[in-house]
Amino acid sequence: MRSFTARATYTCDGHKKLRHNRKWLDGFLNISETTVALLNEDRSSVLGSCRPDGPTRASLLEGEEVLLVNPSILVVMDTTVAAAQRTVTLPDVWPSAAAYMESMALAVREEVSLRVVEVLRNFHAAIAAAPQDSAAPPSSLRMHGLRYYSPCDLISWAPKASSQEMHRRGKLQRACADGGSDLPSERMAGASICLVLPKQRGPSSEYRRDDIWILSNDAWLGSRAERAGRPMDRLHAPWVALARSLWHGPNQEGRLAIEFLTDAAPRLGRQQTVTALKGPECSSELGMLSMLCSPPAHSLPLLAPLMSPPHCIVGPSDPDADGAQGQAGLNAEQLKAPAPICLVHGPFGSGKSTLLVTLLRFLLRARTVAGSPLEGARILVSSGTNVAVDRVLMGAERTRRHMLSTVPIVGVTCYSSMLPVLDGQVFAVTILDECSQLVEPLSLSPIIRAQSRYLIAVGDPLQLPPIVATPTAVAPAGGEAGPALQAGARPTARHGLARPMFVRLAAAGHPVHLLRRQYRCHPVISQIPNRCFYGGQLLDGCSASQRGPVLPGLPPRLWIDPRGGESGGERGARSVTNRREADVICSMVQQLLGHGVPPSAIGIICFFRAQVALLQGLLNPQPPMNVTPEAGQGVAHGPCTVSEAPQGPLAEQAGVQVATVDAFQGGERDVIILSTCVTRPSHFVGDPQRLCVALTRARCHLFLVGSPSALSQSAPAFQALLASCHSLPGCFSTTDRLPIMEGRLAA
């Protein structure tokens with residue numbers, strides 16, 4: 001049985017009829033499925049476990065008043081952030097198009113909610129240490145990365161109405177004034193809402209269209225309804241609402257047009273003072289929702305193969321195709337049509353780009369063949385990230401729109417496919433690259449826009465998955481599963497938004513075509529990833545001589561143990577650093593550059609962002625301004641000594657790429673130096689998909705810097721790599737310098 005603890009405000013004066021005479025105190029509610037326990041600020045029990053009188057657990061979460069067994073104790077749940085859970089389940093198949101699209105929309109809405117919850121959690125953590133008698137949250141919230149503004153003005157105005165409408169509103173306003181009440185919210189129907197930020201609002205680069213804003217009439221966003229011992233006016237209870245920005249940023253007066261995503265603020269008049277907390281930027285998620293709810297989504301030609309297993313679709317690989325010919329009214333040429341969905345599993349260095357280029361050439365020839373299923377077909381090529389194509393499309397919207405309706409191939413990002421520039425255009429074939437890195441609703445966006453009949457999805461599900469909010473996994477059975485399972489879909493494992501379309505279609509039975517030959521890595525480097533991640537299915541398309549050393553004598557694999565290094569980081573930070581590892585890597589880079597290896601051939605991959613920042617600072621030191629060091633002095637960086645003005649190899653270090661594993665996915669270098677940082681076993685570093693990317697970026701040399709004991713306990717791949725390095729001479733070292741190069745220097 002699951003339970004959680006949430007903030008609450010309670011009173012022991014529940015017997016008093018007048019609410020303003022009650023004394024309200026801060027506390028906590030420990031809530032389970034059937035019982036509720038009330039705790040005070042010190043977490044000591046005020047009232048033991050009991051059943052709430054009347055309201056269910058669901059109503060407790062809505063902040064309703066709960067009269068516990070003791071008639072004097074009245075509890076009101078504060079607006080708080082309970083334990084976040086991902087509950088929307090996406091099965092392998094769906095019974096209908098409506099269930100499919102509704103499930104995807106629910107998953108996207110849940111993703112937005114979880115991202116908002118993450119911001120609220122950071123807010124609550126930042127104010128947790130604030131004094132209890134503080135009238136407002138501390139001004140240091142921006143130091144925690146929070147964009148908090150208080151006070152702000154919320155202004156509502158309606159478009160200019162006709163004379164009859166003005167006359168009707170005047171009568172209504174006079175009637176309300178005579179009765180002593182506010183003007184009903186009905187008069188705000190169709191009104192525009194504007195949030196006015198204070199002068200200290202930061203640069204315009206901090207804002208985006210479709211930013212989520214968390215608005216409240218309480219400076220604490222409901223986390224502290226009232227300080228202990230002070231009366232609370234329950235007629236003006238705190239409220240919290242969500243809105244999205246309609247502009248790309250505030251104007252010179254600080255005005256920002258917004259639109260409420262939840263119920264509007266209660267008793268919203270022409271102007272109201274509020275507190276605003278800037279949440280996540282959700283333009284992609286809101287665009288996905290718009291696409292999923294559009295009419296073209298329900299008339300998509302690919303709906304049947306997307307929702308159903310392949311044996312339910314008559315095609316060339318179906319053994320019953322001949323018998324179905326007469327029933328379906330298909331002729332022989334139609335039965336020879338290509339399968340509507342093709343999944344291509346492209347591991348590291350397997351030539352996915354070469355395949356796509358060749359495929360495009362084939363499709364261009366096929367569209368000119370009379371009677372071909374692809375006669376006259378246009379092709380839409382889409383991917384998750386392509387800034388250049390995005391800019392071209394946005395610039396082409398005005399001047400080259402007529403060209404987009406005639407060219408046979410158009411390239412867009414998945415987000416760019418939502419732009420109105422592609423309205424009304426049809427593409428028979430959609431090629432979706434890096435499909436395994438995209439959430440399914442985002443993958444659907446170019447498919448819906450193109451109204452395609454054929455889909456070619458390319459990706460590697462063994463590398464990094466889509467990035468979604470925490471938690472990434474669906475909660476155990478007991479949460480809501482969405483409309484699909486309730487509509488009769490077959491039982492399946494509980495998968496959520498983190499599972500990409502590529503993986504779901506493969507699980508549904510669509511055949512996956514594996515590109516078995518890799519052309520990137522030295523055979524010695526590819527050996528461990530092939531065995532640990534790909535089950536030994538891959539073949540080497542390049543020989544050891546084709547991936548020869550960049551310097552004579554350098555081994556293809558080298559493990560360096562930086563003994564004495566300790567991982568650390570700022571208090572409360574998730575990212576860690578290891579200065580000893582950073583110093584060793586600096587020394588390695590200087591040695592490589594000093595022997596003529598170009599900076600563009602070297603890449604440094606880190607598992608943590610903080611280590612990336614540390615290495616970038618060491619490789620590109622900024623000398624202090626107006627300080628002249630004495631003769632012979634420099635800035636000591638472990639084994640490296642850097643003078644004030646970079647000279648020689650150090651001047652070239654700016655060209656060495658330093659990035660996280662996530663940022664390096666899709667990239668490659670002749671020499672890869674891997675910084676692991678950890679000195680204890682780590683599930684994050686040992687994640688198979690992240691580790692698969694980290695170990696497959698090197699063409700000629702992979703140098704791993706890390707603790708053997710910690711890493712060998714983190715993942716079997718590290719254990720196999722360590723054993724392999726120990727078994728080969730010169731492939732394991734505890735020194736700061738590349739051992740093979742020492743002999744070369746001595747000669």
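Me: In which element is the place of P151?
Reply: Strands here are DSSP runs of E with at least two residues, and helices are runs of H or I with at least four, both numbered from the N terminus. The element that holds P151 covers residues 148-157, and its name is strand 7.

Me: What kind of model is this, and how are its residues numbered?
Reply: The model is predicted, so local features need pLDDT of at least 70 and side-chain atom pairs pLDDT 80 or more, while totals for chains, interfaces and linings use all residues. Side-chain values use heavy atoms, without hydrogens and water, and numbering runs along each chain as its sequence is written, from 1.

Me: What is omega for the peptide bond that joins S150 and P151?
Reply: Most peptide bonds are trans. The bond joining S150 and P151 is cis, and its omega is about 0 degrees.

Me: Is helix 2 parallel, perpendicular or oblique to helix 11?
Reply: Helix 2 (residues 97-127) packs against helix 11 (residues 440-450) at about 130 degrees, and their axes are 10 Å apart. Angles under 35 degrees count as roughly parallel, over 145 as roughly antiparallel, 65 to 115 as roughly perpendicular, and the rest as oblique. Helix 2 is therefore, relative to helix 11, oblique.

Me: Which residues of helix 11 make the contact with helix 2?
Reply: Contact means heavy atoms within 4.5 Å. On helix 2 the contact is made by Y100, M101, M104 and V108. On helix 11 it is made by E440, P441, L444 and I448.

Me: What is the phi of Q451?
Reply: Q451 lies in the loop between helix 11 and strand 17 (454-459). Most residues other than glycine have a negative phi. Q451 is not a glycine, yet its phi is positive, at about 50 degrees.

Me: Is C677 buried or exposed?
Reply: C677 is in the loop between strand 26 (669-675) and helix 19 (688-694), and has a positive phi of about 75 degrees although it is not a glycine. Buried means under 20% relative accessible area, exposed over 50% and partly exposed in between. Because its relative accessibility is 0%, C677 counts as buried.

Me: What share of the residues in the protein is buried?
Reply: Q451, with a relative accessible area of 18%, is buried. Of the 747 residues in the protein, the buried share is 48%.

Technical notes
Axes are lines fitted to C-alpha atoms, for helices over the stretch in contact, and angles run from 0 to 180 degrees between N-to-C directions. Buried means under 20% relative accessible area, exposed over 50%, partly exposed in between (1.4 Å probe, protein chains only).
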